[in-house]
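Here's a quick tour for anyone new to reading protein models. Have a look at the picture first, then work through the points below.

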Amino acid sequence: MSDAELMETLVSLAKRRGFIFQSSEIYGGTGSVWDYGPLGVELKRRIKEMWWRSMVDERDDIEGLDAAILMHPRVWEASGHVEEFTDPLVECRNCHRRFREDTLRAEVGAQEMSVVQCPKCGKTGEWTEPRQFNLMFKSHMGPVEAEGSVVYLRPETAQGIFVNFLNVQTAARQKVPFGIAQIGKAFRNEITPGHFTFRTREFEQMEMQFFVEPGTDDEWFERWKERRMEWTRSLGLAEDRLRFVEHGPDELAHYAKSAVDIEFRFGGTIGGDGWGEVEGVHNRTDFDLRRHQEYSGKRLEYIDPAAGKRFLPYIIETSVGADRLALAVLAGAYREEEIEGDTRVVLGLAPSLAPLKAGVFPLVKKDGMPERARAIHDGLRQRGLQSFYDESGAIGRRYRRQDEAGTPFCITVDGETLSDGTVTVRHRDSMEQERVSEDRIAEYLEERLG
Ligand code: ATP
(Lines give C-alpha, C1' and ligand atoms only; values in the text may rest on other atoms or scores of the structure.)
Protein backbone atom coordinates (compact mmCIF):
# COMPACT_ATOMS: atom_id res chain seq x y z
CA MET A 1 0.00 0.00 0.00
CA SER A 2 1.30 3.44 -0.84
CA ASP A 3 1.81 6.03 1.87
CA ALA A 4 -1.01 8.10 0.41
CA GLU A 5 -3.45 5.21 0.65
CA LEU A 6 -2.50 4.60 4.26
CA MET A 7 -4.28 7.72 5.53
CA GLU A 8 -7.54 6.75 3.81
CA THR A 9 -7.21 3.23 5.12
CA LEU A 10 -6.69 4.58 8.62
CA VAL A 11 -9.78 6.79 8.39
CA SER A 12 -11.90 3.79 7.52
CA LEU A 13 -10.28 1.46 10.07
CA ALA A 14 -10.64 4.14 12.75
CA LYS A 15 -14.33 4.39 12.06
CA ARG A 16 -14.94 0.65 11.72
CA ARG A 17 -13.22 -0.24 14.97
CA GLY A 18 -14.41 2.80 16.94
CA PHE A 19 -11.22 4.82 17.24
CA ILE A 20 -12.28 8.07 15.57
CA PHE A 21 -15.52 9.34 14.02
CA GLN A 22 -16.23 12.50 12.12
CA SER A 23 -17.87 15.08 14.37
CA SER A 24 -21.64 15.48 13.82
CA GLU A 25 -21.47 12.87 11.09
CA ILE A 26 -25.24 12.46 10.77
CA TYR A 27 -25.43 16.13 9.77
CA GLY A 28 -22.73 15.72 7.17
CA GLY A 29 -19.82 16.40 9.52
CA THR A 30 -18.15 19.52 10.92
CA GLY A 31 -15.09 20.89 9.18
CA SER A 32 -12.00 19.14 10.51
CA VAL A 33 -13.34 18.23 13.90
CA TRP A 34 -13.25 14.62 15.09
CA ASP A 35 -14.74 12.54 17.89
CA TYR A 36 -12.94 9.72 19.66
CA GLY A 37 -14.87 6.49 19.97
CA PRO A 38 -14.49 3.73 22.60
CA LEU A 39 -11.03 2.59 21.46
CA GLY A 40 -9.78 6.03 20.43
CA VAL A 41 -10.53 7.62 23.76
CA GLU A 42 -8.53 4.87 25.47
CA LEU A 43 -5.58 5.24 23.11
CA LYS A 44 -5.42 9.00 23.51
CA ARG A 45 -5.90 8.73 27.28
CA ARG A 46 -2.95 6.32 27.53
CA ILE A 47 -0.73 8.64 25.51
CA LYS A 48 -1.67 11.53 27.79
CA GLU A 49 -1.11 9.41 30.88
CA MET A 50 2.34 8.36 29.68
CA TRP A 51 3.20 11.97 28.98
CA TRP A 52 1.97 13.11 32.40
CA ARG A 53 3.84 10.30 34.09
CA SER A 54 7.15 11.14 32.44
CA MET A 55 6.75 14.92 32.77
CA VAL A 56 5.09 15.30 36.18
CA ASP A 57 4.80 12.10 38.23
CA GLU A 58 8.40 11.01 37.84
CA ARG A 59 9.96 14.43 38.42
CA ASP A 60 10.46 16.73 41.37
CA ASP A 61 11.05 19.75 39.18
CA ILE A 62 7.81 19.90 37.16
CA GLU A 63 4.38 20.80 38.53
CA GLY A 64 1.01 20.14 36.90
CA LEU A 65 -1.60 22.75 36.04
CA ASP A 66 -5.07 22.81 34.53
CA ALA A 67 -5.74 26.39 33.48
CA ALA A 68 -9.08 27.48 32.02
CA ILE A 69 -9.64 27.71 28.28
CA LEU A 70 -11.14 31.20 28.57
CA MET A 71 -8.66 33.84 29.64
CA HIS A 72 -8.54 37.61 29.99
CA PRO A 73 -8.49 39.09 26.46
CA ARG A 74 -5.35 41.07 27.28
CA VAL A 75 -3.48 37.76 27.48
CA TRP A 76 -3.85 37.39 23.70
CA GLU A 77 -2.69 40.94 23.10
CA ALA A 78 0.40 40.30 25.22
CA SER A 79 1.09 36.99 23.49
CA GLY A 80 0.93 38.60 20.06
CA HIS A 81 -1.99 36.46 18.88
CA VAL A 82 -4.45 39.33 18.43
CA GLU A 83 -2.05 41.47 16.48
CA GLU A 84 -0.40 38.76 14.48
CA PHE A 85 -3.52 37.10 13.21
CA THR A 86 -5.59 40.05 12.06
CA ASP A 87 -3.60 40.86 8.95
CA PRO A 88 -4.57 39.85 5.43
CA LEU A 89 -3.02 36.44 5.44
CA VAL A 90 -2.31 33.88 2.81
CA GLU A 91 -1.35 30.34 3.66
CA CYS A 92 0.97 28.14 1.67
CA ARG A 93 -1.07 25.09 0.73
CA ASN A 94 2.07 23.01 0.79
CA CYS A 95 3.67 23.74 4.18
CA HIS A 96 0.75 25.58 5.85
CA ARG A 97 2.81 28.57 6.90
CA ARG A 98 0.89 31.81 6.93
CA PHE A 99 2.33 35.08 5.72
CA ARG A 100 1.09 38.60 5.32
CA GLU A 101 0.15 38.89 1.70
CA ASP A 102 1.21 42.53 1.36
CA THR A 103 4.65 41.90 2.86
CA LEU A 104 5.25 38.89 0.64
CA ARG A 105 4.34 40.70 -2.54
CA ALA A 106 6.31 43.78 -1.55
CA GLU A 107 9.41 41.70 -0.89
CA VAL A 108 9.57 40.36 -4.43
CA GLY A 109 7.84 43.30 -6.11
CA ALA A 110 5.12 41.00 -7.46
CA GLN A 111 1.62 42.01 -8.47
CA GLU A 112 0.28 38.47 -8.46
CA MET A 113 0.62 35.86 -5.76
CA SER A 114 0.84 33.19 -8.46
CA VAL A 115 4.51 34.06 -8.99
CA VAL A 116 5.43 34.37 -5.34
CA GLN A 117 7.54 31.64 -3.81
CA CYS A 118 6.91 30.40 -0.29
CA PRO A 119 9.80 31.60 1.91
CA LYS A 120 9.44 28.46 4.03
CA CYS A 121 9.19 25.55 1.58
CA GLY A 122 10.00 27.16 -1.76
CA LYS A 123 6.77 26.22 -3.59
CA THR A 124 5.60 28.84 -6.07
CA GLY A 125 2.01 30.03 -6.39
CA GLU A 126 0.45 27.55 -3.95
CA TRP A 127 -1.43 30.23 -2.03
CA THR A 128 -4.89 30.37 -0.49
CA GLU A 129 -6.99 33.47 -1.11
CA PRO A 130 -5.96 36.36 1.18
CA ARG A 131 -8.19 36.77 4.21
CA GLN A 132 -8.49 39.20 7.03
CA PHE A 133 -7.84 36.38 9.31
CA ASN A 134 -7.69 35.72 12.97
CA LEU A 135 -6.74 32.24 13.88
CA MET A 136 -8.54 32.48 17.19
CA PHE A 137 -12.18 31.61 17.69
CA LYS A 138 -13.87 34.64 19.15
CA SER A 139 -16.90 34.78 21.42
CA HIS A 140 -18.47 37.00 24.04
CA MET A 141 -18.59 36.65 27.79
CA GLY A 142 -21.94 37.47 29.42
CA PRO A 143 -25.26 38.41 27.85
CA VAL A 144 -24.19 41.43 25.82
CA GLU A 145 -22.16 41.18 22.66
CA ALA A 146 -20.16 44.31 23.31
CA GLU A 147 -16.53 44.92 22.35
CA GLY A 148 -15.51 44.86 26.00
CA SER A 149 -16.91 41.35 26.47
CA VAL A 150 -14.75 39.64 23.87
CA VAL A 151 -13.18 36.31 24.81
CA TYR A 152 -11.17 33.88 22.74
CA LEU A 153 -10.92 30.12 22.79
CA ARG A 154 -7.24 29.61 23.51
CA PRO A 155 -5.13 28.64 20.49
CA GLU A 156 -2.47 27.12 22.78
CA THR A 157 -2.34 26.05 26.39
CA ALA A 158 0.99 27.75 27.05
CA GLN A 159 -0.38 31.16 28.04
CA GLY A 160 -2.24 29.66 31.02
CA ILE A 161 1.13 28.46 32.24
CA PHE A 162 2.93 31.79 31.75
CA VAL A 163 0.36 33.80 33.66
CA ASN A 164 0.43 31.29 36.54
CA PHE A 165 4.21 31.17 36.74
CA LEU A 166 4.51 32.92 40.11
CA ASN A 167 1.37 31.28 41.56
CA VAL A 168 2.79 27.82 40.93
CA GLN A 169 6.33 28.70 41.89
CA THR A 170 5.24 30.16 45.24
CA ALA A 171 2.59 27.56 46.09
CA ALA A 172 4.80 24.59 45.21
CA ARG A 173 7.93 26.28 46.66
CA GLN A 174 9.84 25.55 43.50
CA LYS A 175 13.19 27.04 42.61
CA VAL A 176 14.31 27.89 39.10
CA PRO A 177 15.00 25.74 37.11
CA PHE A 178 11.58 24.12 37.23
CA GLY A 179 8.69 23.49 34.87
CA ILE A 180 4.90 23.59 34.64
CA ALA A 181 3.04 21.01 32.58
CA GLN A 182 -0.47 21.04 31.25
CA ILE A 183 -2.74 18.99 29.01
CA GLY A 184 -5.75 20.70 27.50
CA LYS A 185 -7.83 21.65 24.53
CA ALA A 186 -6.72 24.27 22.05
CA PHE A 187 -8.67 25.76 19.16
CA ARG A 188 -7.39 27.20 15.91
CA ASN A 189 -9.51 28.34 13.04
CA GLU A 190 -7.02 26.82 10.60
CA ILE A 191 -7.33 28.00 7.00
CA THR A 192 -6.25 24.68 5.57
CA PRO A 193 -6.99 21.90 8.04
CA GLY A 194 -6.89 18.32 6.90
CA HIS A 195 -5.09 15.00 6.72
CA PHE A 196 -7.53 13.41 9.15
CA THR A 197 -6.57 14.42 12.71
CA PHE A 198 -3.21 15.86 11.69
CA ARG A 199 -4.48 19.42 11.43
CA THR A 200 -7.85 20.07 13.04
CA ARG A 201 -9.66 23.05 14.47
CA GLU A 202 -10.10 21.60 17.94
CA PHE A 203 -7.27 19.56 19.41
CA GLU A 204 -5.45 18.72 22.61
CA GLN A 205 -1.98 19.87 23.49
CA MET A 206 0.47 18.53 26.04
CA GLU A 207 2.74 21.43 26.87
CA MET A 208 5.50 21.96 29.36
CA GLN A 209 7.23 25.27 30.01
CA PHE A 210 10.57 24.99 31.78
CA PHE A 211 11.77 28.17 33.52
CA VAL A 212 15.55 28.59 33.60
CA GLU A 213 18.12 31.20 34.43
CA PRO A 214 19.26 33.16 31.36
CA GLY A 215 22.62 31.83 30.27
CA THR A 216 21.66 28.23 31.04
CA ASP A 217 18.94 28.19 28.36
CA ASP A 218 20.99 26.68 25.52
CA GLU A 219 21.99 23.74 27.67
CA TRP A 220 18.40 23.12 28.81
CA PHE A 221 17.16 23.41 25.25
CA GLU A 222 19.52 20.60 24.18
CA ARG A 223 18.57 18.51 27.17
CA TRP A 224 14.84 18.81 26.52
CA LYS A 225 15.24 18.17 22.82
CA GLU A 226 16.94 14.81 23.49
CA ARG A 227 14.58 13.85 26.28
CA ARG A 228 11.50 14.50 24.19
CA MET A 229 12.80 12.43 21.29
CA GLU A 230 13.59 9.60 23.69
CA TRP A 231 10.04 9.72 25.04
CA THR A 232 8.51 9.81 21.55
CA ARG A 233 10.47 6.67 20.66
CA SER A 234 9.24 5.00 23.82
CA LEU A 235 5.72 5.00 22.32
CA GLY A 236 6.93 2.40 19.85
CA LEU A 237 7.47 4.75 16.90
CA ALA A 238 10.19 3.43 14.60
CA GLU A 239 13.48 5.29 14.73
CA ASP A 240 13.71 5.69 10.96
CA ARG A 241 10.33 7.44 10.93
CA LEU A 242 11.44 10.12 13.40
CA ARG A 243 13.77 13.04 12.87
CA PHE A 244 14.70 16.46 14.21
CA VAL A 245 14.25 19.52 12.01
CA GLU A 246 15.96 22.66 13.25
CA HIS A 247 14.39 26.01 12.38
CA GLY A 248 16.76 28.29 10.48
CA PRO A 249 17.21 31.89 11.72
CA ASP A 250 14.65 33.23 9.19
CA GLU A 251 12.05 30.59 10.12
CA LEU A 252 11.99 31.27 13.85
CA ALA A 253 8.77 32.56 15.42
CA HIS A 254 8.97 36.11 16.75
CA TYR A 255 9.46 34.89 20.31
CA ALA A 256 12.03 32.16 19.70
CA LYS A 257 15.79 32.07 20.00
CA SER A 258 16.02 28.49 18.79
CA ALA A 259 13.49 25.86 17.81
CA VAL A 260 13.46 22.27 16.70
CA ASP A 261 10.58 20.09 15.53
CA ILE A 262 10.31 16.39 16.13
CA GLU A 263 8.86 15.07 12.89
CA PHE A 264 7.26 11.75 12.10
CA ARG A 265 7.03 10.24 8.63
CA PHE A 266 3.25 9.92 8.26
CA GLY A 267 3.53 9.41 4.53
CA GLY A 268 1.30 10.76 1.78
CA THR A 269 1.27 14.47 1.18
CA ILE A 270 1.62 15.66 4.76
CA GLY A 271 4.28 18.40 4.81
CA GLY A 272 4.89 17.89 1.08
CA ASP A 273 7.18 14.89 1.59
CA GLY A 274 5.23 12.84 4.11
CA TRP A 275 7.04 14.21 7.15
CA GLY A 276 5.02 16.22 9.68
CA GLU A 277 5.76 17.90 13.00
CA VAL A 278 4.45 16.13 16.07
CA GLU A 279 6.25 18.21 18.69
CA GLY A 280 8.07 21.51 18.91
CA VAL A 281 10.83 22.33 21.38
CA HIS A 282 11.41 26.06 21.61
CA ASN A 283 13.69 28.42 23.45
CA ARG A 284 11.20 31.26 24.00
CA THR A 285 13.68 33.46 25.87
CA ASP A 286 12.01 35.80 28.41
CA PHE A 287 9.62 37.06 25.73
CA ASP A 288 6.45 35.71 27.35
CA LEU A 289 7.08 36.76 30.93
CA ARG A 290 8.36 40.14 29.78
CA ARG A 291 5.25 40.77 27.71
CA HIS A 292 2.87 39.65 30.47
CA GLN A 293 4.76 41.80 32.95
CA GLU A 294 4.37 44.76 30.64
CA TYR A 295 0.69 44.18 29.78
CA SER A 296 -0.47 43.26 33.29
CA GLY A 297 1.67 45.76 35.15
CA LYS A 298 2.60 42.97 37.62
CA ARG A 299 6.22 42.04 38.31
CA LEU A 300 6.91 38.50 37.23
CA GLU A 301 10.55 38.30 38.21
CA TYR A 302 11.88 35.30 40.02
CA ILE A 303 13.66 36.14 43.24
CA ASP A 304 16.44 33.88 44.42
CA PRO A 305 17.22 35.11 47.95
CA ALA A 306 20.00 32.57 48.54
CA ALA A 307 21.95 33.78 45.53
CA GLY A 308 20.77 37.37 45.94
CA LYS A 309 19.43 37.47 42.38
CA ARG A 310 16.25 38.55 40.68
CA PHE A 311 15.59 37.92 37.02
CA LEU A 312 12.96 37.07 34.41
CA PRO A 313 13.49 33.42 33.59
CA TYR A 314 13.97 32.14 30.06
CA ILE A 315 11.52 29.48 28.98
CA ILE A 316 12.18 26.22 27.20
CA GLU A 317 8.89 24.93 25.84
CA THR A 318 8.01 21.42 24.75
CA SER A 319 4.69 21.30 22.91
CA VAL A 320 3.09 18.21 21.46
CA GLY A 321 -0.38 17.56 20.07
CA ALA A 322 -2.07 14.53 21.64
CA ASP A 323 -4.25 13.97 18.56
CA ARG A 324 -1.41 14.30 16.09
CA LEU A 325 0.70 11.96 18.17
CA ALA A 326 -2.15 9.45 18.39
CA LEU A 327 -2.38 9.59 14.59
CA ALA A 328 1.37 8.95 14.34
CA VAL A 329 0.98 5.98 16.69
CA LEU A 330 -1.85 4.58 14.54
CA ALA A 331 0.04 5.17 11.29
CA GLY A 332 3.20 3.62 12.74
CA ALA A 333 1.34 0.59 14.06
CA TYR A 334 -0.68 -0.25 10.95
CA ARG A 335 0.45 -3.19 8.84
CA GLU A 336 -1.01 -5.72 6.44
CA GLU A 337 0.27 -9.27 6.16
CA GLU A 338 -0.47 -11.89 3.56
CA ILE A 339 -1.37 -15.16 5.21
CA GLU A 340 -2.42 -18.13 3.11
CA GLY A 341 -3.90 -15.92 0.40
CA ASP A 342 -5.67 -13.76 2.94
CA THR A 343 -4.79 -10.25 4.18
CA ARG A 344 -4.38 -9.85 7.91
CA VAL A 345 -4.66 -6.26 9.16
CA VAL A 346 -2.76 -5.66 12.38
CA LEU A 347 -2.38 -2.62 14.57
CA GLY A 348 0.95 -3.42 16.20
CA LEU A 349 0.44 -0.99 19.08
CA ALA A 350 2.83 -1.11 22.03
CA PRO A 351 0.93 -3.24 24.59
CA SER A 352 1.02 -0.38 27.08
CA LEU A 353 -0.88 1.82 24.60
CA ALA A 354 -3.36 -0.78 23.35
CA PRO A 355 -6.93 0.22 24.24
CA LEU A 356 -7.84 -3.40 24.94
CA LYS A 357 -5.34 -5.70 26.59
CA ALA A 358 -7.15 -8.95 25.88
CA GLY A 359 -9.97 -10.48 23.89
CA VAL A 360 -11.64 -13.35 25.73
CA PHE A 361 -13.55 -16.01 23.80
CA PRO A 362 -15.29 -19.31 24.39
CA LEU A 363 -14.38 -21.64 21.50
CA VAL A 364 -18.03 -22.67 21.20
CA LYS A 365 -21.23 -21.48 22.84
CA LYS A 366 -21.81 -24.65 24.88
CA ASP A 367 -20.35 -27.03 27.47
CA GLY A 368 -20.03 -24.22 30.00
CA MET A 369 -17.35 -22.46 27.95
CA PRO A 370 -19.16 -19.07 27.77
CA GLU A 371 -19.48 -19.03 31.58
CA ARG A 372 -15.77 -19.86 32.08
CA ALA A 373 -14.76 -17.21 29.52
CA ARG A 374 -17.03 -14.61 31.08
CA ALA A 375 -15.52 -15.28 34.50
CA ILE A 376 -12.02 -14.67 33.09
CA HIS A 377 -13.22 -11.51 31.34
CA ASP A 378 -14.85 -10.18 34.52
CA GLY A 379 -11.74 -11.01 36.55
CA LEU A 380 -9.52 -9.07 34.14
CA ARG A 381 -11.82 -6.04 34.20
CA GLN A 382 -11.79 -6.10 38.00
CA ARG A 383 -7.99 -5.93 37.89
CA GLY A 384 -8.11 -2.90 35.57
CA LEU A 385 -7.11 -4.92 32.50
CA GLN A 386 -9.39 -3.88 29.65
CA SER A 387 -10.81 -6.98 28.08
CA PHE A 388 -13.38 -7.63 25.37
CA TYR A 389 -15.71 -10.63 25.52
CA ASP A 390 -16.68 -12.05 22.13
CA GLU A 391 -18.55 -15.25 21.39
CA SER A 392 -19.84 -14.49 17.91
CA GLY A 393 -18.47 -15.93 14.68
CA ALA A 394 -15.62 -18.28 13.86
CA ILE A 395 -12.64 -18.09 16.21
CA GLY A 396 -10.39 -16.92 13.33
CA ARG A 397 -12.69 -13.96 12.68
CA ARG A 398 -12.65 -13.04 16.33
CA TYR A 399 -8.83 -13.07 16.34
CA ARG A 400 -8.76 -10.81 13.27
CA ARG A 401 -11.13 -8.31 14.80
CA GLN A 402 -8.80 -7.98 17.80
CA ASP A 403 -5.73 -7.76 15.51
CA GLU A 404 -7.33 -4.72 13.86
CA ALA A 405 -8.04 -3.16 17.24
CA GLY A 406 -4.42 -3.67 18.31
CA THR A 407 -5.28 -6.06 21.18
CA PRO A 408 -2.02 -7.81 22.10
CA PHE A 409 -3.49 -11.03 23.56
CA CYS A 410 -6.49 -13.25 22.92
CA ILE A 411 -7.58 -15.86 25.43
CA THR A 412 -9.70 -18.79 24.37
CA VAL A 413 -11.56 -21.21 26.61
CA ASP A 414 -11.69 -24.57 24.82
CA GLY A 415 -12.11 -28.28 25.43
CA GLU A 416 -8.81 -28.55 27.29
CA THR A 417 -9.86 -25.81 29.69
CA LEU A 418 -12.67 -28.04 30.89
CA SER A 419 -10.30 -30.91 31.63
CA ASP A 420 -7.11 -29.21 32.89
CA GLY A 421 -7.97 -25.55 33.63
CA THR A 422 -5.63 -24.08 31.00
CA VAL A 423 -6.61 -21.61 28.28
CA THR A 424 -5.06 -20.79 24.89
CA VAL A 425 -3.23 -17.48 24.83
CA ARG A 426 -2.67 -16.22 21.31
CA HIS A 427 -0.15 -13.47 20.65
CA ARG A 428 -1.17 -10.73 18.20
CA ASP A 429 2.19 -10.19 16.49
CA SER A 430 3.56 -13.71 16.14
CA MET A 431 0.15 -15.45 16.21
CA GLU A 432 1.86 -18.06 18.38
CA GLN A 433 -0.28 -19.85 20.89
CA GLU A 434 0.54 -21.23 24.28
CA ARG A 435 -1.35 -22.72 27.17
CA VAL A 436 -1.60 -20.86 30.45
CA SER A 437 -3.44 -21.81 33.61
CA GLU A 438 -6.69 -19.81 33.80
CA ASP A 439 -5.92 -18.80 37.42
CA ARG A 440 -2.70 -17.12 36.29
CA ILE A 441 -4.08 -15.16 33.35
CA ALA A 442 -4.13 -11.74 35.04
CA GLU A 443 -0.51 -12.06 36.28
CA TYR A 444 0.55 -13.39 32.90
CA LEU A 445 -0.84 -10.29 31.17
CA GLU A 446 0.49 -7.87 33.78
CA GLU A 447 4.01 -9.27 33.38
CA ARG A 448 3.87 -8.70 29.63
CA LEU A 449 2.13 -5.33 29.57
CA GLY A 450 4.85 -3.51 31.49
P1 ATP B 1 1.73 23.26 12.25
O2 ATP B 1 2.71 24.19 11.57
O3 ATP B 1 1.92 21.83 11.87
O4 ATP B 1 0.32 23.70 12.18
P5 ATP B 1 2.55 24.61 14.60
O6 ATP B 1 4.00 24.85 14.38
O7 ATP B 1 1.57 25.70 14.40
O8 ATP B 1 2.08 23.30 13.79
P9 ATP B 1 2.70 24.60 17.44
O10 ATP B 1 2.02 25.89 17.58
O11 ATP B 1 4.18 24.52 17.71
O12 ATP B 1 2.37 23.97 16.02
O13 ATP B 1 1.92 23.53 18.32
C14 ATP B 1 2.55 22.44 18.95
C15 ATP B 1 1.94 21.12 18.56
O16 ATP B 1 0.53 21.17 18.64
C17 ATP B 1 2.24 20.70 17.14
O18 ATP B 1 3.49 20.05 17.06
C19 ATP B 1 1.12 19.73 16.87
O20 ATP B 1 1.41 18.44 17.39
C21 ATP B 1 -0.03 20.31 17.65
N22 ATP B 1 -0.91 21.10 16.76
C23 ATP B 1 -0.77 22.38 16.38
N24 ATP B 1 -1.77 22.76 15.57
C25 ATP B 1 -2.57 21.68 15.43
C26 ATP B 1 -3.78 21.44 14.73
N27 ATP B 1 -4.38 22.38 14.03
N28 ATP B 1 -4.32 20.20 14.82
C29 ATP B 1 -3.73 19.22 15.55
N30 ATP B 1 -2.60 19.41 16.24
C31 ATP B 1 -2.02 20.60 16.20
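Which residue in β20 does Val 360 stand opposite? Val 360 faces Tyr 389 there. Keep in mind that this is a predicted model, where local features need pLDDT of at least 70 and side-chain atom pairs count only at pLDDT 80 or more, while totals for chains, interfaces and linings use all residues. Residues are numbered from 1 along each chain as its sequence is written.

**The five-stranded sheet**
- Helices (H or I, at least four residues) and strands (E, at least two) are DSSP runs, numbered from the N terminus.
- Five strands make an open sheet with mixed pairing, in the order β20-β19-β21-β22-β23; two strands pair if DSSP finds at least two bridges between them.
- β20 (387-389) and β23 (433-437) sit at the edges with a single partner strand each, so one side of each has no neighbour in the sheet.
- On average, neighbouring strands of this sheet are turned by 25° against each other, ignoring direction; the axes are lines fitted to C-alpha atoms, for helices over the stretch in contact, and angles run from 0 to 180 degrees between N-to-C directions.
- β19 (residues 358-362) and β20 run parallel, joined by three bridges.
- Helix α11 (residues 369-382) packs on the sheet and touches β19, β20 and β21 (409-413); contact means that the C-beta atoms of two residues, placed from the backbone, lie within 7 Å.
- The direction of α11 makes about 160° with that of β19.

**Around the ligand**
- The ligand is surrounded by 17 residues, and the closest are Phe 203, Gly 280, Ser 319, Gly 321 and Arg 324; to count as near, a residue needs its C-beta atom, placed from the backbone, within 6 Å.
- β13 gives the largest share, four residues.

- The peptide bond from Val 176 to Pro 177 is cis, with omega near 5°, and Pro 177 is in the loop between α7 (165-171) and β9 (178-187).
- Arg 173 is found in the loop between α7 and β9, and its phi is near 50°, a positive value in a residue other than glycine.
- Buried or exposed: which is Arg 173? Arg 173 counts as exposed because it has 7 C-beta neighbours inside 10 Å; the cut-offs are 12 or fewer for exposed, 20 or more for buried, and partly exposed in between, with C-beta atoms placed from the backbone.
- His 195, in the loop between β9 and β10, has phi near 60° and counts as buried, with 20 such neighbours inside 10 Å.
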